[in-house]
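Biologist: I'm new to this one. Can you take me through a few of its residues?

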Amino acid sequence: MNHAASLSFFFPAYNEEDNVRPMVENALRILGPYAERLQVVIVDDGSRDGTADVGRRLAAENPSVTYVRHETNRGYGEAIRSGLNASTGELVFFSDGDRQFDLAEISRLWDRLEDADLVVGYRIKRADPPHRLVIAETYNRILRRLFGIRIRDVDCAFKLMRAEVAHTVQPTSGGAFFSAEFVLRANARGYRIVEVGVTHLPRTAGRSKGATPAVILRTFREMFALRRVLRKS
């Protein structure tokens with residue numbers, strides 16, 4: 001395994017008080033050997049449960065842990081943006097805070113860094129309810145048709161990238177479209193993107209937030225707006 005000088009790992013958390021401590025402890029244990037300096041960033045997107053107390057306590061206990069809080073819930077995209085902005089490592093890795101991914105599978109992504117600027121996970125078998133599987137498949141089909149991109153799972157929250165990608169690609173979405181827009185804009189800039197299969201695990205704590213009709217409508221508006229922008233560039 002090639003070591004990095006520094007690695008930043010972040011995850012967004014919204015009402016995930018039962019998941020935050022195990023997530024951070026797993027990150028420190030699993031990701032530590034990958035870099036001389038590890039930074040773990042918790043992005044609390046305006047949680048109303050005990051997430052803030054847990055996050056502040058973890059940051060006080062360990063200098064490798066950074067706690068970032070939004071006083072109000074800004075949405076998934078803004079949480080990812082805050083995580084990217086807070087990351088100081090030469091490599092940046094992120095996942096969701098619900099522990100549906102095995103952080104040890106960073107090894108699958110790490111092995112592909114030699115020929116990629118951005119390594120994107122795809123869920124080999126999604127551990128989601130049937131209705132979410134249908135929505136996800138439809139969404140990915142539309143993206144492939146509109147943008148001609150061959151990525152199978154643009155929304156997969158398991159991505160590893162070089163710092164240049166993390167800080168150069170600037171999506172405008174603040175919502176659910178952020179992750180897809182990030183990959184699409186990185187592709188349009190010519191960054192090398194590789195996709196790697198990863199395991200998707202059932203939730204063991206917390207509750208899935210899901211996508212409301214308003215979120216879905218906003219996503220489609222932002223999707224077509226990006227298509228117009230990329231066609232002009």
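Modeller: Start with Ser6: its side chain reaches the backbone nitrogen of Glu90 at 2.9 Å. This is a predicted model, where local features need pLDDT of at least 70, side-chain atom pairs count only at pLDDT 80 or more, and totals for chains, interfaces and linings use all residues. Residues are numbered from 1 along each chain as its sequence is written, and side-chain values use heavy atoms, leaving out hydrogens and water.

Biologist: Is Ser6 buried or exposed?

Modeller: Ser6 is buried, at a relative accessible area of 9% (buried means under 20%, exposed over 50%, partly exposed in between, with a 1.4 Å probe and protein chains only).

Biologist: Which strand is Ser6 in?

Modeller: Strand E1, residues 4–13 (strands are DSSP runs of at least two residues, helices, H or I, of at least four, numbered from the N terminus).

Biologist: New topic. How many aromatic pairs are there?

Modeller: A search of the whole structure gives six. Rings of Phe, Tyr and Trp (its six-membered ring) pair if their centres lie within 6.5 Å; planes under 30 degrees apart are stacked, over 60 edge-to-face, the rest tilted. Phe101 and Phe158 make a stacked pair, 5.4 Å centre to centre with 25° between the planes.

Biologist: What does that pair tie together?

Modeller: Phe101 lies in the loop between strand E4 (91–95) and helix H4 (106–110), and Phe158 in strand E6 (residues 158–162), so the pair ties together parts 57 residues apart in sequence. Phe101 is buried at 7% relative accessibility, and Phe158 is buried at 0%.

Biologist: Which residues form the aromatic cluster?

Modeller: Phe9, Phe11, Phe93, Phe101 and Phe158 form one cluster.

Notes. Polar contact = N/O pair within 3.5 Å; in protein donor to acceptor, adjacent residues only side chain to side chain.
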